[in-house]
Amino acid sequence: MEVDTLQQLLADLGFPVVMVGACGVFIWKMYQAQLLDKDKLYEQLMLFRETNTNLAETITQLTTNTLENQEVNLKAIKDELSQIKEKMDSDIE
């Protein structure tokens, strides 16, 4: 806005009216900026939510696979210990 236009508005309407109008324009622009930010935040939130869901599923799968592998390994160790015990028992007799 040019200085001459501003001086003419002040002369015609008065300082308080011009300031109210300027504050209104400022508030409107801030509101529009916040709406854009809010939309961007919602988009990011949805992406993070999807990522968290995928991570939770991956962790669940890894945990399940690890527990199953540990059970298989423990069974193999138990079988080997049983064989060693049987061999030791037969050697003692």
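Visitor: Before we start, what counts as partly exposed here?
Guide: Buried means under 20% relative accessible area, exposed means over 50%, and partly exposed is in between. The model is a predicted one.

Visitor: OK, so where does Asp79 fall, buried, partly exposed or exposed?
Guide: Asp79 has 36% relative accessibility, so it counts as partly exposed.

Visitor: What does Asp79 pair with?
Guide: Lys75 forms a salt bridge with Asp79, and their closest N and O atoms are 3.5 Å apart. Lys75 itself is exposed, at 51% relative accessible area.

Visitor: Switching topic. How do α1 and α2 pack?
Guide: Helix α1, residues 3–13, packs with α2 at an angle of about 125°, and the axes are 7 Å apart. The two helices are therefore oblique to each other.

Visitor: Which residues make that contact?
Guide: From α1, Leu6, Leu9, Leu10 and Leu13; from α2, Phe15, Val17 and Val18.

Visitor: Which residues form the nonpolar patch on the surface?
Guide: Leu74, Ile77, Leu81, Ile84 and Met88 form it, with about 520 Å² of accessible area together.

Visitor: Take Met88. Which helix is that in, and is Met88 buried or exposed?
Guide: Met88 lies in α2, which covers residues 15–92. Met88 is exposed, because its relative accessible area is 51% and the cut-off for exposed is over 50%.

Note on methods:
Residues are numbered from 1 along each chain as its sequence is written. This is a predicted model: local features need pLDDT of at least 70, side-chain atom pairs count only at pLDDT 80 or more; totals for chains, interfaces and linings use all residues. Side-chain values use heavy atoms; hydrogens and water are left out. Patches are made of residues with over 30% relative accessible area and no salt bridge: like charges are joined within 9 Å, nonpolar side chains (Val, Leu, Ile, Met, Phe, Trp, Tyr) within 5 Å. Accessible areas come from the Shrake-Rupley method with a 1.4 Å probe; for residues, only the protein chains shown count as cover. A salt bridge is a side-chain nitrogen of Lys or Arg within 4 Å of a carboxyl oxygen of Asp or Glu. Helices (H or I, at least four residues) and strands (E, at least two) are DSSP runs, numbered from the N terminus. Buried means under 20% relative accessible area, exposed over 50%, partly exposed in between (1.4 Å probe, protein chains only). Axes are lines fitted to C-alpha atoms, for helices over the stretch in contact, and angles run from 0 to 180 degrees between N-to-C directions. Angles under 35 degrees count as roughly parallel, over 145 as roughly antiparallel, 65 to 115 as roughly perpendicular and the rest as oblique. Contact means heavy atoms within 4.5 Å.
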